[in-house]
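Subject: Structure for your review

Dear colleague,

Please find below the structure that I am handing over to you, together with its sequence. My notes on what was found in it follow directly after.

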Amino acid sequence: MSFRFRGGKNATSGMGVADHSKGTFLDLQRKKAHRYVIFKIDEKKNEIVVDKTGNPAESYEDFTSALPENDCRYAIFDFDFVTSDNCQKSKIFFIAWSPATSRIRAKMLYATSKDRLRHELDGVHYEIQATDPTEMELEVLKERVY
């Protein structure tokens, strides 16, 4: 499989974004094929790859329980909600998950590679940085969209 890098690699981290990572995001964004996508850094390949996806019927609780307790990840969550005037809406959240219990090296690697991935994921509405589960509770998402 070949990989294409838009604008070259990030000079700080040297991380690329695998084509399938962007394609999986587009499937969530355009086709509603996934409720969420979790990305991880593959240090051997030096790129950001898809770790897990959630089917459209999965809940926010399913998503948060799919994140590792002691390791960093990037995630996209498609948040559906109903506005005060009863309109069905959807907003895409980018979540940078960096638990306090993860390795220092992992925290640094994810911190320096985040902008590279964010640049590739066009159409994200909100971004959340979370170091513990309370920083990304469902209420936090609701506060952002209402």
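In this predicted model, the side chains of E127 and K114 are joined by a salt bridge, with N and O 2.5 Å apart. E127 belongs to strand β6 (residues 126-130) and K114 to helix α3 (residues 104-120), so the bridge ties together parts that are 13 residues apart in sequence.

Other salt bridges

The total for the model is twelve salt bridges. One of particular interest for the fold of the chain is described next.

D78 and K32 meet through their side chains in a salt bridge, at 2.7 Å from N to O. Because D78 sits in strand β4 (residues 73-82) and K32 in the loop between α1 (19-31) and β2 (36-42), this pair links parts of the chain that are 46 residues apart in sequence. Is D78 buried or exposed? With a relative accessibility of 1%, D78 counts as buried. K32, by contrast, has a relative accessibility of 39% and counts as partly exposed.

A further salt bridge lies within a helix. E120 pairs with R116, and their closest N and O atoms are 3.2 Å apart. Both residues are in helix α3, where they are four residues apart, or about one turn of the helix. E120 is buried, with a relative accessible area of 4%, and R116 also counts as buried, at 6% relative accessibility. The pair is part of a network of salt bridges that links K22, R116 and E120.

In soluble globular proteins, nonpolar side chains tend to be buried together. In this model, the largest nonpolar core has 20 residues, and those touching the most other members are F39, Y74, I76, F94, L117 and L121. Two or more residues come from each of α1, β2, β4, β5 (88-97) and α3. Helix α3 provides the largest share, four residues.

Which residues does I76 contact, once its neighbours within four places in sequence are left aside? The list consists of F25, L28, R35, Y36, V37, F39, I92, F93, F94, L121 and V124. Another core, of 18 residues, lies apart from the largest one, and its members include A75, W97, I128 and A130.

The largest pocket

The largest pocket holds about 210 Å³ of space. It is lined by 14 residues, of which P68, E69, W97, D132 and P133 are the closest to its centre. By class, the lining is made up of seven nonpolar, four polar and three charged residues.

H34 is buried, its relative accessible area being 16%. Beyond its neighbours within four places in sequence, H34 is in contact with T24, D27, L28, T53, G54, P56 and D78. One of these contacts, D78, is the salt-bridge partner of K32. For T24, which is ten residues from H34 along the chain, the C-alpha atoms of the two residues are separated by 8.3 Å.

Most residues other than glycine have a negative phi.

N46 has a phi near 60°, which is a positive value in a residue other than glycine. N46 is located in the loop between β2 and β3 (47-54), and its relative accessibility of 29% makes it partly exposed. N86 likewise has a positive phi, near 65°, and is not a glycine. N86 is found in the loop between β4 and β5. In contrast to the partly exposed N46, N86 is exposed, with a relative accessible area of 65%.

With kind regards

How values were computed: Residues are numbered from 1 along each chain as its sequence is written. This is a predicted model: local features need pLDDT of at least 70, side-chain atom pairs count only at pLDDT 80 or more; totals for chains, interfaces and linings use all residues. Side-chain values use heavy atoms; hydrogens and water are left out. A salt bridge is a side-chain nitrogen of Lys or Arg within 4 Å of a carboxyl oxygen of Asp or Glu. Buried means under 20% relative accessible area, exposed over 50%, partly exposed in between (1.4 Å probe, protein chains only). A nonpolar core is a set of buried Ala, Val, Leu, Ile, Met, Phe, Trp, Tyr and Cys residues joined through side-chain atoms within 4.5 Å. Contact means heavy atoms within 4.5 Å. On a 1 Å grid over the protein atoms alone, a cavity is a set of points where a 1.4 Å probe fits but cannot get out, and a pocket is an open set with protein on both sides within 12 Å along at least five of seven lines; lining residues have an atom within 4 Å of a point. Grid points are joined across faces, edges and corners, and a volume is the space filled by probe spheres set on the points. Ala, Val, Leu, Ile, Met, Phe, Trp, Tyr, Cys and Pro count as nonpolar, Asp, Glu, Lys and Arg as charged, and the others, Gly among them, as polar.
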